[in-house]
Amino acid sequence: MGRPAPSGVYKVDMSHQEMERLLAELEAWYESAGCDWITAEAAAGWLKHDLGYDDMDEFEDALNGTFAEFLNAMPHIETKVDEKGRLVFRVKPEPPQEEWRPVKMSLRIADREDLWNVCYKSPYARVEIPELEFEISPDGKKRTDSIYNHIAGAAFNLGTHVRGGAMPEEHRAKIMECCTQLHELLDLNTPWTWVLHDPSGLSQFQDTGKVVIEQLSLCPSAPPHN
C-alpha cells in the first residue's frame with residue numbers, strides 16, 4: 001500500500017508499480033538517447049505518450065506531483081536550469097574505478113517514514129542488516145526503490161528460491177525462517193538498521209537527514225569495474 005505525501009513535501013511512492021515502470025522507462029530512454037543532458041519537457045512528453053496517459057495532468061496525477069519534483073526526488077538523477085532557462089536532467093554518470101570513494105551508510109529504521117526513504121543501490125553495493133545477520137549481496141544491477149520494497153523484494157526472492165529447487169528440509173526451514181524475519185522488519189515491532197556498504201560510493205538516499213555516512217579508505221581489492 002502506498003501512503004500520501006506529507007503536506008508541502010514531495011515523496012516518491014515507490015510502492016506503486018507505476019512508479020517503478022516509469023523510472024525504468026525513463027532510465028532506458030535516457031541511455032538510448034545518447035545525450036548528456038536532456039530537457040525535462042521532452043522526457044515528460046515522451047513518457048506521457050509511451051505510458052498511455054491522455055494528457056500531462058493525468059501523467060502528473062500518477063506522479064502525485066510535477067515531473068520536475070519527481071526528477072529532483074531521484075537520488076541518482078541531477079537537474080539544473082540550462083542557459084535557455086529550461087530544466088534539464090541527467091542520470092549521474094558512473095566514474096572510472098580509480099575515482100571510486102568507498103562509503104558506508106547506516107540508517108536506523110525506527111518509524112514508517114524511514115521505511116519509505118528511497119535508496120539507490122549501486123551494482124557494487126551490499127546491504128547488511130546486523131540484527132538478523134542478513135546480507136543483500138551485490139548483483140551487478142542498480143536498483144532505486146524504497147527500503148520497504150528492497151526488503152520485500154529480498155524476502156520474495158528467497159521464497160522463490162525455496163519453491164523452485166530441491167534442498168534439504170533443514171535448509172528450507174532456515175530460509176523460510178529468514179523470510180519471516182524479513183517480513184517482521186516491515187512491521188517495525190522493534191527498530192533495526194539498514195547498513196549499505198559501497199566500494200564505488202555511488203549509492204545514495206533520497207533523504208539523508210538520518211543517514212550516518214562514513215567515508216572509507218580505498219581498498220585495492222575492490223571488485224572489478226565492468
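The model is predicted, so local features need pLDDT of at least 70 and side-chain atom pairs count only at pLDDT 80 or more, while totals for chains, interfaces and linings use all residues. Residues are numbered from 1 along each chain as its sequence is written, and side-chain values use heavy atoms, with hydrogens and water left out.

**View 1. Helix α1 covers residues 17–33.** Helices here are DSSP runs of H or I with at least four residues, strands are runs of E with at least two, and both are numbered from the N terminus. The end C-alpha atoms of α1 are 24 Å apart, in agreement with the 24 Å that its 17 residues should span at 1.5 Å a residue; the expected span is 1.5 Å times one less than the number of residues. Next comes Gly34, which follows α1 and has a positive phi, near 70 degrees.

**View 2. Here are the buried and exposed residues of α1.** Buried means under 20% relative accessible area, exposed over 50%, and partly exposed in between (1.4 Å probe, protein chains only). Glu18, Met19, Leu22, Leu23, Leu26, Glu27, Trp29 and Tyr30 are the buried residues of α1. Seen down the helix axis, these buried residues fall within an arc of 165 degrees, so they line one face of α1; the arc is taken from the directions from the helix axis to the C-beta atoms. On the face turned away from that buried side, look for the exposed residues Gln17, Glu31 and Ser32.

**View 3. Cysteines are the topic here, with a count of 0 disulfides.** A disulfide is a pair of cysteine sulfur atoms within 2.5 Å. For Cys179, the closest cysteine sulfur is in Cys178, 6.1 Å away and too far for a bond. Cys179 is buried, at 5% relative accessibility, whereas Cys35 is partly exposed, with a relative accessible area of 42%.

**View 4. The largest pocket has a volume of about 360 Å³.** On a 1 Å grid over the protein atoms alone, a pocket is an open set of points where a 1.4 Å probe fits, with protein on both sides within 12 Å along at least five of seven lines; lining residues have an atom within 4 Å of a point. The volume is the space filled by probe spheres set on the points, and grid points are joined across faces, edges and corners. Of the 14 lining residues, Ile136, Asp139, Arg143, Ala154 and Asn157 lie nearest the centre of the pocket. Helix α6 gives the most to this lining, with 5 residues.
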